[in-house]
Amino acid sequence: MPQVTVVATLVAKKGCDQELEKLLRGLVGHSRKDEGCVQYDLHRGIEEPRAYVFYEIWESMELLQKHSKTPHLEALQRDGAALIESRDIKVLEKIA
């Protein structure tokens, strides 16, 4: 099974960026320990500091799906929903 890359962009609601950033930073250490994680990095936009981007590489789609059901990702979905204005998640496969 080929590796998959995830580019996930989350934009904080106005006034919620610091709280969202704290929540997102808390995911990094846990997610890097998840089975199949090759890379898991969090970035913040320079021109749009309310935008946070995860760049992730996973060994397989199956292990990415397993990651999405972990307690730390479920906590983001539960606790972060009120802090997030928008989200865009792209799951990609490398072709060249």
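1. Let's start with Ile89, which sits in strand β4 of this predicted model.

2. Four strands form an open sheet in the order β2-β3-β1-β4, and their pairing is antiparallel. The edge places go to β2 (37-44) and β4 (84-92); each has a single partner strand, so one side of each has no neighbour in the sheet. From one strand to the next, the twist averages 10°.

3. For a closer look at one pairing, take β2 and β3. Strand β3 covers residues 51-58 and pairs with β2 over seven bridges, in the antiparallel sense. Within β3, Val53 is the residue that stands opposite His43.

4. A helix joins the picture here. Residues 17-32 make up helix α1, which packs on the sheet and touches β1 (4-12), β2, β3 and β4. The direction of α1 makes about 165° with that of β2.

5. Finally, the aromatic rings. A pair of rings is described by how far apart the centres are and by the angle of the planes. With ring centres within 6.5 Å as the cut-off, the model has two aromatic pairs. In one of them, Tyr40 and Phe54, the ring centres are 5.1 Å apart and the planes stand at 45°, so this pair counts as tilted. Because Tyr40 lies in strand β2 and Phe54 in strand β3, the pair ties together parts that are 14 residues apart in sequence.

How values were computed:
Residues numbered from 1 in each chain as written. Predicted model: local features only at pLDDT ≥ 70, side-chain atom pairs only at ≥ 80, totals over all residues. Heavy atoms only, no water. Pairing = 2+ DSSP bridges. Helix = DSSP H or I, 4+ residues; strand = E, 2+ residues; numbered from the N terminus. Axes fitted to C-alpha atoms, helices over the stretch in contact; angles between N-to-C directions. Contact = heavy atoms within 4.5 Å. Phe/Tyr/Trp six-rings, centres within 6.5 Å; stacked < 30°, edge-to-face > 60°.
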